[in-house]
Every structure is written in structure tokens, then in C-alpha cells.
Amino acid sequence: MRSKAAQAPRLVAWEVTRACDLACQHCRAVAQAVADPRQLSTTEGARLIDQIAAFGEPVILILTGGDPLKRPDIFDLAARATQAGLRVVMSPSGTQVTPATVAELRRVGVQRISVSLDGSTPALHDGFRRVPGAFEAATASLAYAREGGLPFQINTTVTRHNQHDLEAMLDTAIALGAVTWDVFMLVPTGRGTVQMEISPAEYEAALHFVLDAAGRAPIQVKTTCAPHYKRIQIEDRRQRPTTARGGGHGHPHGFSRGCMAGFGFCFVSHIGEVGGCGYLPLLAGNVRETPLPTIYRDAPLFQSLRDPNLLQGRCGQCEYRMLCGGCRARALGATGNYLDEEPFCTYTPAPKHHRELTNVEALVTHTVSHEHRADGAPHPDLVPPVL
């Protein structure tokens, strides 16, 4: 019998367009000034929304990009998703939001927006976004959302340029009226490079900062693309089992697993390609050819992502592998094997019983598609080791 996470995702991120006015240094989508003519049409987008609704479960639809507000039919698509029973959220770039936009977003049922701020000062943020005035535009957009009654969260991607600025960013998010501060750990895909990443030790320190901030901040503080934050949370609870942490906004992360790629989450690109997440460039299928529920439930890539028996290296031996899972995109980028160990985790597991690992690296097939996504799945002859 399939688990609930294998039946339906909790979240679907649809990259509705790659058009964007910014040129961010870390952009996963390698966004561009104009829309790709191959992007899903309005009719195809509506069909995708109906497919997501067909999961028959409450799904959060994230309309992302690029900048979704650069797509002329975005309000019609958002309205259709709301009418289909989906919880719709949006991640605009922060350059297109006006009071009129906020009113329209509320009218079509968008429940929250997220805007990125990667520094507490214009110099930090604009330098990262590579557009002068980006900080001013983003904070103005957030002010319009606050005044218009549209909840928003602030996303911050941690890199070498801003790791010293996290406390100030927390203060900024609170001052601007965010309901959530979401701390993203960089995954080096798209324009993002390994050279921008902080070290594993600095990564660990940043996650401990997030844990502390979550316990004292008056808003929700959570992480994205930081699966081993789950281990840090558990370690902290073990050290203080009878006391709650601080006076903050409760639990910092609402989901039960660290890496959600294919395990409660999936990504649909602007041309309909489906992957475990936007940072994992492996192809599970295309909604132009196969309905999304079929891809999510049956694609070999997704089935392998949901099988912790296939994890390799330290992740394969780790007692937290079910809860954490390690970042599959970082593993792919570091080793070429998406089932390998998370390269930015400092934890060395000490399993009670030795587990013999199968070398799946030689068994993983990679066939490059026209969009530079690769077909990825374990070889059919792979026999998972017994836990």
C-alpha cells in the first residue's frame, strides 16, 4: 500500500514563466527578460491545474517563475486553481507588485505571496540581485501587500555574501510585517555556483542560528533546502526534553521530512517538464504527454526518491535518513549520483548495525533531454539493500 506522500504531493511548484526583470546571481531558472515561447499555454495551464486537483487531496499550488506577474493570464490561472479547491500562493520577484496587483491577487484567491530579500540593506540585496533599486522595489511591494491585507513571507538565500547578515535579516522581516521568514540554503544550480556556498561547518552554524531564531522570534522562522535541519531539531529536543524552546512562534517547519523532492513535493517547469524539485535537473515526465498524478505516483525517478533504502554513503547509514533524506540536488551536483550522500552535512552516523551498501552510481542512467534535464532512475536490476 502506498504512503500518503506517494499518493499525492502536499505542494506543487509550477514555474509559470521564466520572464523576470531581475538577473539574480543564484537564479535556479536562469530567468530572462522575455517569456519563452514554448511555455505552457493558458489552455495547457488550465489542464495542469485540473490534473493537480485530480489528486483528490488538499494541495498547495506555488505559482513561481521567473516572475509570475510577467504572465498576462496569471490572474485567470490563479482564479481557476482557487475554484478547483487548491490553496494558491505566489512568489513574485517584487518588481511588479502594486496596490492594484494586491487587490487582484486577493480577488482571485491567492492566499500568500513570498518575496525574496537577500540582505537587510540595499547594498547587500541589490548586489546579489544585480539590479539597482531592487531592495527599494521589494520593500515597497511588501508594504503594498501589508496595507492591502495580503499575508507575505520573506525568503532569504544564504550564501557567502550575506551569512553575516542573518540576525539583521530576521529583524528586517519582523519590522516589515512578514508572517514567515524562510531561510533557503543555496543549491548550486542555474546561475548559482558552488563558489557561492558557505562551508559545511558554516552551514551547520547557520541552521543552529535558525533553530534559535525560531524559538524566540514573534513570527514563524523555517528553512528550505536544508534537510538536515531536521536532525538539528531532534538533537535539540533530546538535549532539552522537558522544556519547550523559547517564546517564539512554535515549530519552525510544518512538514515531516527534510528533502521533499518527490516525497510530498514536485516541480513543473515552464515547458511542462516534471521533476522532484526545481533544483534537481532530472526528468520524471512531461505533463504535455502524461497526467501529473501518473508521473508523480509511477515515475521511476519519484519512486526512487521515496525509497530510503537506495540512499548511499553517510545518508544510507544515517539513522535520520527517513526524516532528513539529504539534499538530492546537492548530491547530484557534487557526485553525479542523486542518491549519494548530502555533501554539506557534517554529521557522521554511527549505525548500530553495519549496512552493506549497493553501488548505484554505475546503475543510474542519465539521458540528456532537450531542456538539459536528464532522465534519471535506478537501473531496473538494482536490488535495494536490506535495512
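This is a predicted model: local features need pLDDT of at least 70, side-chain atom pairs count only at pLDDT 80 or more; totals for chains, interfaces and linings use all residues.
Because 7 of the 7 residues of E5 are buried, the strand is largely enclosed by the rest of the structure. The burial holds for both faces, with Phe-152, Ile-154, Thr-156 and Val-158 on one side and Gln-153, Asn-155 and Thr-157 on the other. Towards E4, the pairing is parallel and consists of 4 bridges, and within it Val-115 has Ile-154 as its bridge partner in E5. Towards E6 (residues 180-185), E5 again pairs in the parallel sense, here over 6 bridges, and Ile-154 finds its bridge partner in Trp-181. Between E5 and E6 the chain passes through helix H7, residues 166-176, in a β-α-β crossover that is right-handed. Further along the two strands, Thr-157 stands opposite Phe-184 of E6.

Strand E8, residues 265-268, is likewise covered on both faces: Phe-265 and Phe-267 are buried on one side, and Cys-266 and Val-268 are buried on the other. E8 runs parallel to strand E1 (residues 11-15), to which 4 bridges join it, while its pairing with strand E9 (residues 273-275) is antiparallel and rests on 2 bridges. The hairpin of E8 and E9 has 4 residues between the strands, and in it Gly-272 takes a positive phi near 95°.

Helix H4, residues 99-107, shows two unlike sides. Thr-101, Val-102 and Leu-105 are buried, and as they cover an arc of only 100° around the axis, they lie on the same side of H4. Ala-100 and Arg-107, on the other side of the helix, are exposed. The cover over the buried residues includes helix H3 (74-83), strand E3 (87-90), strand E4 (110-116) and helix H6 (134-147). After H4 comes Gly-109, whose phi is positive, near 95°.

Because Phe-55 lies in the loop between helix H2 (42-53) and strand E2 (60-64), whereas Tyr-296 belongs to helix H10 (residues 292-298), the pair ties together parts that are 241 residues apart in sequence. Both residues, Phe-55 and Tyr-296, are buried. Trp-181 and Phe-209 make another edge-to-face pair, at 6.4 Å centre to centre and with 80° between the planes. This pair links strand E6, which holds Trp-181, to helix H8 (residues 200-216), which holds Phe-209, across 28 residues. Trp-181 counts as buried at 0% relative accessibility, and Phe-209 counts as buried at 17%, given that the limit for buried is under 20%. Finally, ring pairs link Phe-55, Tyr-296 and Phe-302 into a cluster.

Notes:
Residues are numbered from 1 along each chain as its sequence is written. Side-chain values use heavy atoms; hydrogens and water are left out. Buried means under 20% relative accessible area, exposed over 50%, partly exposed in between (1.4 Å probe, protein chains only). Two strands pair if DSSP finds at least two bridges between them. The arc is that of the directions from the helix axis to the C-beta atoms. Contact means heavy atoms within 4.5 Å. A crossover is right-handed if, with the strands pointing away from the viewer, the path from the first strand over the helix to the second runs clockwise. Rings of Phe, Tyr and Trp (its six-membered ring) pair if their centres lie within 6.5 Å; planes under 30 degrees apart count as stacked, over 60 as edge-to-face and the rest as tilted.
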